[in-house]
Structures are given as structure tokens and as C-alpha cells.
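Student: Hi! Could you walk me through this structure?
Tutor: Happy to, let's take a look together.

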Amino acid sequence: MEALYLLIPISVLLVFGALWIFFKASDDGQFDDLSGPALRILQDDDR
Amino acid sequence: MPDGTTLNAASQAAAAECFHCGLPVPAQSNWRVAIDGSERAMCCPGCAAVAQTIVDIGQAGYYRERTGYAASAGAAGVPPGLKLFNDDPRIVSDGDACEATLLVEGIRCAACVWLIEHRLGRMEGVEKASLNVATERLFVRWNKDKTSAADILQSVRSIGYTAWPYDAQRHSAQLQKASRTLGRQLFVAGLSMMQVMMYVAPEYMAGGDGTLDGDMASLLRWASLFLTLPAVAYSALPFLQGAWSSIRARVPGMDVPVALGILAAFIGSAVSTFRGAGEVYYDSVTMFIFLLLCSRYLELLARRKAASALERMQHGLPESASRLSGWPVSRDSEVVPAGALEAGDHVLVKGGEAIPADCVVAEGRTSVDLSLLTGESAPQPRAVGDEVPGGAVNAGSAVVMRVARPARESTLSGLLKLIEQAGSAKPQIAQWADRTASWFVAALLLFAAASFAFWWWHDAARAWPVAIAVLVVSCPCALSLATPSALAAATDRLLGKGVLIVRPHVLETLHRATHIVFDKTGTLTEGRPTVQRIAPLNGASADECLRIAAALEAFSAHPIARAFTASATAAAADHGMAAMDPYELPGHGLEAYIGGRRHRIGTATFVAGVAGTPVPALSGETGTVVWLGTENRWLARFIIGDALRVEARSVVAEFRARGKEVVLLSGDRQEIADAAAHQLGIEHALGNCLPGQKLQYVQGLQARGAVVAMVGDGINDAAVLSAADVSCAMGSGATLAQAHADCVLLEANLSLLAETAHTATRTMQAIRQNLAWSTLYNVSAIPAAAFGLLNPWLSGIGMAASSAIVILNALRLRRIKPWKPSTY
């Protein structure tokens, strides 16, 4: 059970880490177009 | 050759639809493009040109990959004003590189994305082209020395899409930013909600039976505190800010109890956590924030869709004009933006072009089609000195015009103002809900304070949770969401169908309306002359007569001439008849030689001049009569009229079935109005109505307590449209009428009106259900919380469920079955 005293604070830090990554990705425009890339990958570029 | 006939039949069956856009291919037409080795039929030269371009640039693969038809290219050519965009202020340039965001119309499927990006990617000088499918924005960066904005717009057009520079600064930058911020807030709230739930779970499961030791419980509480912090400090900002501004304005809004509930629960929990004793409500707080943000997000999405539809309408207006700077000395024209025209400038308006601003004719004579502006079907002759409003279409020959007022003061600017006012107003029922809500909120705060005081005196340990429970459980949100969520869902649904709700009270008032008043011309009718009946005389064939008439009228710019040419193409594209030596006697008719014989078309006396007397007897007809004759012989009599829209009858029947009284007002003669009313099953018809009389009539109805919905389309209707309780303009109608109307049918199709009425009824139902539910909920839940029967987390769930029910009930509106004409 003692492990929880370490794991719970780590989980809190992980959540903050996830938030930081999310904000960075959002700033880069990762979530601006959620449908386009899925369509684009289906097209063959060689023609 | 049996094989040949079956193949032919098969290819004809296949030819029923345009390979490019899927529209029906007109009979006898022959536009074909070879795609992947087989000839494909096209519906119009526009589609054929686009398809040919796509094949020529080696991207026929588009047709293999696509999952839906492309938008029809139509007959619209490349507008001359395209090169104006080279100096467009919306293009950002940085050294050699230029950047612009374009609004692209006509994206239907994945292949479109591929096609556009590849087309631009292969252009010389284009460095980057990326299309955002969700927002239909195309971002392009190019090298100024190698290509230009006009070339880019041109090449997007050449493959069948319309692109416009898009003012990100003014329009959606704000909305975009709001949506991004709200998305982040939602994400943070969601993440923190899920995580806090996990930390809270052990405590709930232990249920205070001692299996969870004190240190661990305290650690879990501290962890929850840290994770709730971002939700309260970042995600709850919209509510905290809203509450703060409404307190400063001294009108307590819905946000006040929400903010107080969040803060009270959070501070109470934080205090318990520091002291190491007492209740914590972190899970309730985060869940509450997350669920409220979800509903805000839905609302924002609906608003964004509405904004983009408005933006499209704006591009329907002429953007450019040919200015004659040196007139009358020189006739050199330059293309300038319509907005740059000043009073006193001279412009050249060619046949078929829209007039860019309110003008006075300076040289030449023509007829102008004012049907866009006045709803009157017959083009009006205009000579030197006559005034022509901007937006009218020059139906005759090219004329020089002097600008009377700059475009920004003319009818064209009406739409821009419309865009700004749309969405800012609130419907009465929402205003009522807001007013009620502020009383509700004030009463609620007092009630929460009273319960706190009571419990403080009675059982101090429970005072805090009870007060929080009262604040949280009371769902002003359900009350405040009840109306807007239903209206947003309905507005969005209607927009998808092609109805633009400009003022939000439309649905409410249309539902209450007792009288539906229709204008005739352009509303119940097509608004342009068509050949309604052909009466061949002396054994002539109707088809033959129509072809002769079309061949003759091909020379005339008279509006009625278009009725013939249009119906002749519909009857038989290949009329193969050539008329020689045409001669037109204005106001009487036209004469020409066909096959060596003199033919005349026009008034009875004019035709009698060649056909000889007597004029055949005329039975009672409504509409204009046009005669056709040749040497010593009468050929036919044509009845020209304004055809009723096909859907008009079922729409009228629909309104009558809903118990509304349908009235027809018309500027035409009483018998024409009566005839139309009779055909449509309308009881009351008033002809000979001047705009002032229409207004009086509507006001008379209103004085007797009627709620009047007016459907019209012209400038002469503007007054009556604004006087009516709710007004609706046809999309083909004047921009001015649209600015006066509360709702605009983007397509000239009356069934959209029935659809609006249908949706209005369902929306009002949904709103009533929502209000009833939230009242019931609040009336039962708030006392329960005050008596201490509900703890904060249960209150949170109750409140969330209540909001969710309201929102889901509203979203149901998007899925209701579309209106279908019943068989009356």
C-alpha cells in the first residue's frame, strides 16, 4: 500500500504533463482540422 | 443492329445524369468529355469545361476516388473582377511570399480535397496549399514573382470550385479563437473530472467503514484538490467571468448561482482538506463544470455554422464594375471593385451584368430586370436620365451609367448590416426566460442563504453541504438552456435546408401566426414571364409555332421574348430555324422572314397587318396575349403569364390545414389575383394593391388582433414586410427585402416555408416540454436539497441529468422528419 504514496503524486504530475502536451499540440494547430487528414491519407499521390 | 440499339439505350439511360455534378442532362444536348477512355455526358458547358480541365491536368483520378458528385459548375464564367484580388488587403505579403486564406465553396468529399491541393500544388510558384475540411478554408502561400492571387483563384475555379479571399481578421478569427479556447477548457475539465472521480472512488467504496486509513484519505483529497484546481481556475472561467460581469451590471444572470455553486463547493472542499476533516465535493465540482461546458460547446458549433452561411450570401453580390474614367472622351474601361465607385463615376454595364450601385443611365437605352429588387416580372425600359437601383440586372444591351450613390450606401450594403445584426438579438421567449431567470436567481440566492442560516442554527455541520446542494441542484441552466438550445438546433436544421433565420423570434411568431399573407409575383409565382398556353390557329402545329416564335424573338431584347426562347429550348433545343431581316416596331412586335415568308409576332393589330383580317375571336383569358401570323394566315395565339410555382398549392394547403388564414395580395389586376387564388385554393385575394394599400391591409388585420406572417420578395414589399409580425423573403428576391425580412429562403422554393412552419411547431413543442421539465425539476429538487435530502454530488448528478434531458430534447429537433406535401 505504501507504493500508493508515491504513485498518486506521480499520477497527478502525469495529468499535468498530459495537459501541457495537449496545450502545446493545440497551439500547433493539431486540432484545427479533425476530418481532413483522415481523408487525405486515402489518396494516392503518385498520379 | 440489335446490339447497337441496346448500347444506345444504355448510354441514354446513363446520360440521364451529368457525370460531373449529377444533375439531369437536358435532352438533345451534346456536351461530352472523355474520361478514362469513355465518353461521359455533361449537363452544361460549365461542367464540361471543368471536367476537361481536370482531365487535361492529368487528374482524372478524381473521378475514380470521389464518393459524391461535384458541385455544378453552372453557366457562370470567370468574373472579370478576379484580378482585383491581386491587390486585396486580405492578402498578407512578406517579401516575395504572399499568404491568403480563401473560403472555398463546393467541397463535397475527400476527392475534392485531393483535387484542390494537387491542382494548386502543381502550379508554379505555389509553395503551400492546405485545405481545412472542417472550416472549408484554403490556406495558400505563393511566390509573388511567379504567380498571382488571380491565377490561383482562376485555377481553383477552373476545376469547378468557387474561392474567395476571406477576411479572417473580421469574421471568424474571434469565433475560431472562442472555439479553440472552449475546446481546451472542455478538455481540461474532462480530464480533471475523470481523474478526480478515480481519487474519490476509494472513499465512496469505503463508505466511512474504516477500511480507508486517514493518511491515505488525506492524500487522495490533496490529489483531488490539485486536479480540481485547473478545472476551477481555467475551465470554469466562462462562468466566473459571466457571473462577475452580470453582478457588475446588477442583473444577476444564470452564471451567478453556477459560479457561486462552483466556488462554494470548491472552497468548502479546500477548507475541509486543509483542516483534514469535513466533506469534500471535488467530483461534483469537476463534473458540473464539464457538463456545463459541453452545452456551451454545442451552442458555439451552431453559431459557427450560422456565421459561415451568412458569409456565403455576401459573395452573391457583384464585386466589380467596369469604370470609364475618361467618358465621354475615351471609352477605355478599367475593372475596379464595386466598393470603390464614387458618385459621379461612369460605368459600363453589359447585357446580363448586375448593376454595381444605384445609377442613372447616361448613354444608351435598355431594359433592366428589376425582379431581384421589386419582384415584378416584366423588365422595365430605361433610357437616358432614368434611375436604376444597384443589384438590378441589365437585360438588354450595354449602357453607360453614372453612379448616383456609392455602393456602400445602396441596397448592396444591406446584407452586410444584416450579417452584423444577425445573432445579436434574442427572441422574445428567450428574453422572457432571461428576465424570469434573473428573478429566479435572486430568489434562489436568498433561499440558499436562508437554508444555510436555518441549518446553521439547527445543525451547523450540515449547513455548508445543504447550501451547496441548493445552489448546485437548482438548475437555472435547464431553464436557461431550454429555449436557446431548442432554437439553436432548429435554426441549424433550417439552415441546412436553406432557410436563414435572421431574427430569432421567427419560429415563435410563425407558430403563433393567424394569417399568412403572400405576395403574388415572385412568391407564389415564378416571377418571370413564361408561355402558359399555345392556341394554334388554322391547323398549325403548336411545336412549329413555338419554334417560329422563338426564332423571331431571338432578335428581341423584350422581356417577353425570353419566355419564348426559354420554352423553345425546353421543347426542342434544335429548332434549326433562321429568321432573316428582322425589324422591330417597339410596343407592337417584330417582323422577320423565315423560309422566305414574312412572319410577324406581337399585338393583334400589328400581326393583322400581314395576316389580314379578321382577328380571330378571343375568349376570356388572363395574362398577356401575343399573336403570331404569316402572309395571309394567322398561326397561333400565345398566352404569356407568370406561372405559379409547382409547390405553391401544397404549401397553401399545409397552412390552411394548420388553421391559418391564407391571403393573397397582388399589385396585378383583381381578376389575375382571383385566378391565381382560385388555382391555389386561397379564399381571400386582393388585387390592385399599391405598396401603401398592402401595408394598410396588414395593419388592419393586426388591429383586429391577428398575428400576420408576410411572405414577399420585393422593394415594394419592404414596408409591409417590416410591418408584419414575422416576414419571410424569397432568396431570389431583393437584398433590401432580405434586410427587412426576419427570415430568408435561400432557394426560391416555397416548400422551405412549409418546412420552417413545421420546424417552428416542433420547436415550440420542444421549448414547452423543456420549460415544463425544468420547472418541475426545480420545484421538486430545490426543497429536497433545502431539507437536506440531497447531498452535493447527488445534486450535481440531478442537475447534470436535468440539463442533459433538456439538451437532448432540443437535439431531437435536428432529426425530425422533413416536411412533405400531403395529398390535399
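Student: How many salt bridges are there between chain B and chain A?
Tutor: The count between those two chains is one salt bridge, meaning a side-chain nitrogen of Lys or Arg within 4 Å of a carboxyl oxygen of Asp or Glu. B:R184 forms a salt bridge with A:D27, and the closest N and O atoms are 2.2 Å apart.

Student: Which helix gives the largest share of the side of chain B that touches chain A?
Tutor: That is α7(B), with nine residues. Helices here are DSSP runs of H or I with at least four residues, and strands are E runs of at least two, numbered from the N terminus.

Student: Before we go on, what kind of model is this?
Tutor: This is a predicted model, where local features need pLDDT of at least 70, side-chain atom pairs count only at pLDDT 80 or more, and totals for chains, interfaces and linings use all residues. Residues are numbered from 1 along each chain as its sequence is written, chains are lettered from A and ligands numbered from 1 in the order written, and side-chain values use heavy atoms, leaving out hydrogens and water.

Student: New topic: what is the strand order in the open sheet of chain B?
Tutor: The six strands run β19-β24-β23-β22-β21-β20, with antiparallel pairing; two strands pair if DSSP finds at least two bridges between them.

Student: Why is one side of β19 and β20 of chain B left without a neighbour?
Tutor: They stand at the edges, each with a single partner strand, so one side of each has no neighbour in the sheet.

Student: And how many bridges join β21 to β22 of chain B?
Tutor: Six bridges join them, and B:G589 has B:G602 as its bridge partner in β22(B).
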